[in-house]
Amino acid sequence: MPELPEVETVRRALEIGLDGLSVAGVDGHPVMMRRPLDVGLIASRIDGRRFTAARRRGKYLLVDFDGAGTLMIHLGMSGRLMLCETTEPILHHTHLTLSLSDGRELRFVDPRRFGFAHWLEPGEEDLDPSLAGLGVEPLDPDMEVLLPPLLHARRSPVKSLILDQHLIAGVGNIYAAEALWRAGIRPTRPGCRTSLTRLRRLAVTTREVIEEAVAQGGTTIRDYATPAGDFGYFAVRLQVYGKEGQPCPRCGRVLKDTRIAGRITVWCPHCQR
DNA sequence: CCAGTATCCTGCAGGC
DNA sequence: TGCCTGCAGGATACTG
């Protein structure tokens with residue numbers, strides 16, 4: 001579900017919503033997610049602890065607890081965090097619930113269980129394989145310099161490359177399609193067959209589309225919502241994602257869809273070469 | 001090391 | 001109406 005803009009929106013909501021609060025109880029039951037959910041371990045570490053920060057790296061959320069360590073959360077495809085009253089109905093597939101010192105709750109819901117919540121002891125963060133392998137942040141000022149040579153060294157389709165979290169962290173299927181359309185690059189074009197000039201252009205459009213989406217609170221396609229239940233408003237600005245068969249906003253010809261590395265990609269055969 | 005595919009899981013839409 | 005298939009914002013383990 002969530003790509004960088006959605007995760008960043010969630011992070012900001014947690015930063016404000018959890019400010020000054022502490023954990024007054026942990027509830028849930030062990031379940032197999034992308035990493036096993038160890039409710040007992042999490043409870044033993046955070047119960048009674050105060051929230052000190054909410055950080056983000058790529059699509060990973062990092063919630064710090066007063067020197068105790070960090071709860072690392074990935075929302076996968078269907079994951080959602082809810083900051084709500086205890087009277088709020090409990091959704092199916094609510095795996096973890098933190099009772100908060102103000103009487104509210106933070107709930108982690110994930111029907112498909114492609115996400116996870118994993119406890120990191122102090123110092124473990126740098127060793128975590130998922131975090132350690134992440135590429136450059138799209139909002140990093142150096143990104144436009146660092147990324148193009150990396151893409152140029154690979155034979156895979158550029159679409160696959162900007163989805164590769166080891167190269168650039170946080171871009172998913174929606175923003176990959178949008179960035180490629182803005183840059184005028186055919187998604188199937190191999191990285192090594194794309195000029196550095198055009199790859200620089202792609203780096204710029206990627207940063208731009210991510211920035212604009214963050215400003216709009218992300219994109220709601222079906223069920224994404226912020227912890228407060230708000231939707232993301234970037235959907236109205238999507239130009240190609242989910243619009244196969246419709247006219248290209250630039251040239252008016254019909255947008256096509258192709259499957260690349262198992263993921264659908266919408267693109268304009270006329271504008272994207 | 002690199003590139004491509006299969007796989008985890010549930011919910012929902014569309015075809016018959 | 002109901003059953004079946006395929007698809008969905010992702011990451012990783014495998015294969016060649």
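Contact here means that heavy atoms lie within 4.5 Å of each other. With that in hand, let us look at helices, a sheet, a hairpin and some charged pairs. This is a predicted model, where local features need pLDDT of at least 70, side-chain atom pairs count only at pLDDT 80 or more, and totals for chains, interfaces and linings use all residues. Residues are numbered from 1 along each chain as its sequence is written, chains are lettered from A and ligands numbered from 1 in the order in which they are written, and side-chain values use heavy atoms, with hydrogens and water left out.

**Two helices that meet**

- Helices (H or I, at least four residues) and strands (E, at least two) are DSSP runs, numbered from the N terminus.
- Leu 4, Pro 5, Glu 8, Thr 9 and Arg 12 of α1 are in contact with Ile 210, Ala 213 and Val 214 of α7.
- By class, this contact of α1 with α7 has 5 nonpolar, 1 polar and 2 charged residues; Ala, Val, Leu, Ile, Met, Phe, Trp, Tyr, Cys and Pro count as nonpolar, Asp, Glu, Lys and Arg as charged, and the others, Gly among them, as polar.
- Helix α7 covers residues 196–215, and α1 packs against α7 at an angle of about 40°, with the axes 9 Å apart.
- Axes are lines fitted to C-alpha atoms, for helices over the stretch in contact, and angles run from 0 to 180 degrees between N-to-C directions.
- The crossing of α1 and α7 is right-handed, a term used when the near helix is turned clockwise from the far one by less than a right angle.

- Strands of a sheet pair through backbone hydrogen bonds, either parallel or antiparallel.
- Here, two strands pair if DSSP finds at least two bridges between them.
- Strand β4 (residues 69–74) is joined to β8 by 5 bridges, and His 74 has Phe 116 in β8 as its bridge partner.

**A hairpin**

- Strands β9 (residues 256–260) and β10 (residues 263–267) run antiparallel and are joined by 5 bridges.
- Arg 259 stands opposite Ile 264 in β10.
- With 2 residues between the strands, the hairpin has Ala 261 at a positive phi near 50°.

**Charged pairs**

- Side chains of opposite charge can pair when their charged atoms come close.
- A salt bridge is a side-chain nitrogen of Lys or Arg within 4 Å of a carboxyl oxygen of Asp or Glu, and the count comes to 16 salt bridges.
- Arg 11 and Glu 8 form a salt bridge, with the closest N and O atoms 3.0 Å apart; both residues lie in α1, 3 residues apart, about one turn of the helix.
- Glu 8, Arg 11, Arg 12, Glu 15, Arg 56, Arg 57 and Glu 137 are linked in a network of salt bridges.
- Asp 128 and Arg 35 meet in a salt bridge (2.8 Å, N to O), linking distant parts of the chain, 93 residues apart.
- Buried means under 20% relative accessible area, exposed over 50%, partly exposed in between (1.4 Å probe, protein chains only).
- Asp 128 counts as buried because its relative accessibility is 5%, and Arg 35 is buried at 13%.
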